[in-house]
Amino acid sequence: VVKVIIPAFITYFLFAKCGHPYPTGEHVCLFVIVTSFGGILGDMFPFYNGFKGGKGVSSYSGMVLTLLFLTGDWKFTALGLVIFFTTMFITRYVSVGSLVLIVSIFIEFVVWGQMDMIYSLKNPEARIYIYIIVFLIMVFVFIRHAENIKRLANATENKIGQKKEEK
């Protein structure tokens with residue numbers, strides 16, 4: 001989570017101090033999303049580990065938290081927590097909760113963006129960039145969860161509280 005929050009804050013404050021217009025309003029969301037995209041890709045494909053890394057969900061959560069901290073837009077965080085924990089509680093699969101969360105955040109961006117309900121997303125051109133980036137993140141997360149999806153389809157994925165099967 002922190003590997004996305006820290007770079008997003010650094011980017012925010014660098015642009016705020018270098019003579020450019022202070023990144024408020026429509027620019028905050030774009031700054032956060034673009035910087036977070038780099039952090040999420042770095043989490044999923046770290047060069048120092050042979051491009052084999054995490055699945056990106058915790059880094060994605062860092063992006064959502066950064067939006068909360070820098071824009072005060074609490075909708076993503078609140079609904080994301082409800083969706084993740086409700087799905088996880090019902091299915092008892094963390095991977096299903098993670099995938100549903102990722103899809104729901106993308107849908108939230110598109111629906112709330114088109115309805116002008118995102119505080120810092122008034123510029124239609126910035127919206128398109130953000131929709132594309134959030135969609136790409138969603139695709140990468142699904143690619144990184146391919147093994148989990150196969151295990152879910154075969155009913156071999158471990159549920160919460162279930163002991164892992166020995167190989």
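Author: Welcome! Read along the sequence, this chain follows the pattern α-α-α-α-α-α-α. The model is a predicted one.

Reader: Thanks! How many helices and strands are there in the chain?

Author: The chain has seven helices and zero strands. Of its 167 residues, 42% are buried. Among contacts with a separation of 6 or more, 66% join residues 24 or more positions apart.

Reader: Let's look at helix 4 and helix 5. What makes helix 4 roughly antiparallel to helix 5?

Author: Their axes come within 8 Å and cross at roughly 150 degrees. Angles over 145 degrees count as roughly antiparallel, so helix 4 is roughly antiparallel to helix 5. The crossing of helix 4 past helix 5 is right-handed.

Reader: Which residues of helix 4 and helix 5 make the contact?

Author: From helix 4 come Lys-75, Phe-76, Leu-79, Gly-80, Ile-83, Phe-84, Thr-87, Met-88 and Thr-91. Helix 5 brings Val-94, Val-96, Gly-97, Ser-98, Val-100, Leu-101, Ser-104, Ile-105, Glu-108, Phe-109 and Trp-112. Sorted by class, the contact of helix 4 with helix 5 has 12 nonpolar, six polar and two charged residues.

Reader: And how do you know that helix 5 is roughly antiparallel to helix 6?

Author: The axes of helix 5 and helix 6 come within 10 Å, crossing at roughly 170 degrees. With the cut-off for roughly antiparallel set at over 145 degrees, helix 5 therefore counts as roughly antiparallel to helix 6. On the helix 5 side, Leu-99, Ile-102, Val-103, Phe-106, Phe-109, Val-110, Gly-113 and Gln-114 take part. They meet Arg-127, Ile-130, Tyr-131, Val-134, Phe-135, Met-138, Val-141 and Phe-142 of helix 6. By class, the contact of helix 5 with helix 6 has 13 nonpolar, two polar and one charged residues.

Reader: Gly-113 is on that list. Why is Gly-113 called buried?

Author: Buried means under 20% relative accessible area. Gly-113 has a relative accessible area of 0%, so Gly-113 is buried. This glycine is found in helix 5. Leaving aside neighbours within four places in sequence, Gly-113 is in contact with Glu-108, Ile-118, Leu-121, Arg-127 and Tyr-131. Gly-113 and Ile-128 are 15 residues apart in sequence, and their C-alpha atoms are 9.6 Å apart in space.

Reader: What makes Gly-62 count as buried?

Author: The cut-off is under 20%, and Gly-62 has 0% relative accessibility, so Gly-62 counts as buried. Its place is in helix 3. The C-alpha atoms of Gly-62 and Ala-8 are separated by 9.4 Å, although the two are 54 residues apart along the chain.

Reader: Now Phe-9 in helix 1. Is Phe-9 buried, exposed or partly exposed, and why?

Author: Partly exposed is the class between under 20% for buried and over 50% for exposed. Phe-9 has 24% relative accessibility, so Phe-9 counts as partly exposed. Beyond neighbours within four places in sequence, Phe-9 is in contact with Thr-66, Phe-69 and Leu-70. From Phe-9 to Val-32, 23 residues away in sequence, the C-alpha to C-alpha distance is 8.0 Å.

Reader: What can you say about phi at Phe-51, and why is Phe-51 called exposed?

Author: Phe-51 has a positive phi of about 60 degrees although it is not a glycine. Phe-51 lies in the loop between helix 2 and helix 3. Exposed means over 50%, and Phe-51 has a relative accessible area of 52%, so Phe-51 is exposed.

Reader: How do you know that Ala-155 is exposed?

Author: The relative accessible area of Ala-155 is 65%. The cut-off for exposed is over 50%, so Ala-155 is exposed. Phi of Ala-155 is near 60 degrees, a positive value in a residue other than glycine. Ala-155 is in the segment after helix 7 (146–153).

Reader: Finally, which residues have the most contacts inside the largest nonpolar core?

Author: Those are Ile-33, Tyr-60, Met-63, Phe-76, Phe-109 and Ile-137, in a core of 33 residues. The elements giving two or more residues to this core are helix 1, helix 2, helix 3, helix 4, helix 5 and helix 6. Setting aside residues up to four places away in sequence, Met-63 touches Val-4, Val-32, Ile-33, Ser-36, Ile-40, Phe-109 and Ile-137.

Definitions and conventions. Residues are numbered from 1 along each chain as its sequence is written. This is a predicted model: local features need pLDDT of at least 70, side-chain atom pairs count only at pLDDT 80 or more; totals for chains, interfaces and linings use all residues. Side-chain values use heavy atoms; hydrogens and water are left out. A nonpolar core is a set of buried Ala, Val, Leu, Ile, Met, Phe, Trp, Tyr and Cys residues joined through side-chain atoms within 4.5 Å. Buried means under 20% relative accessible area, exposed over 50%, partly exposed in between (1.4 Å probe, protein chains only). Helices (H or I, at least four residues) and strands (E, at least two) are DSSP runs, numbered from the N terminus. Contact means heavy atoms within 4.5 Å. Axes are lines fitted to C-alpha atoms, for helices over the stretch in contact, and angles run from 0 to 180 degrees between N-to-C directions. Angles under 35 degrees count as roughly parallel, over 145 as roughly antiparallel, 65 to 115 as roughly perpendicular and the rest as oblique. A crossing is left-handed if the near helix is turned anticlockwise from the far one by less than a right angle, and right-handed if clockwise. Ala, Val, Leu, Ile, Met, Phe, Trp, Tyr, Cys and Pro count as nonpolar, Asp, Glu, Lys and Arg as charged, and the others, Gly among them, as polar.
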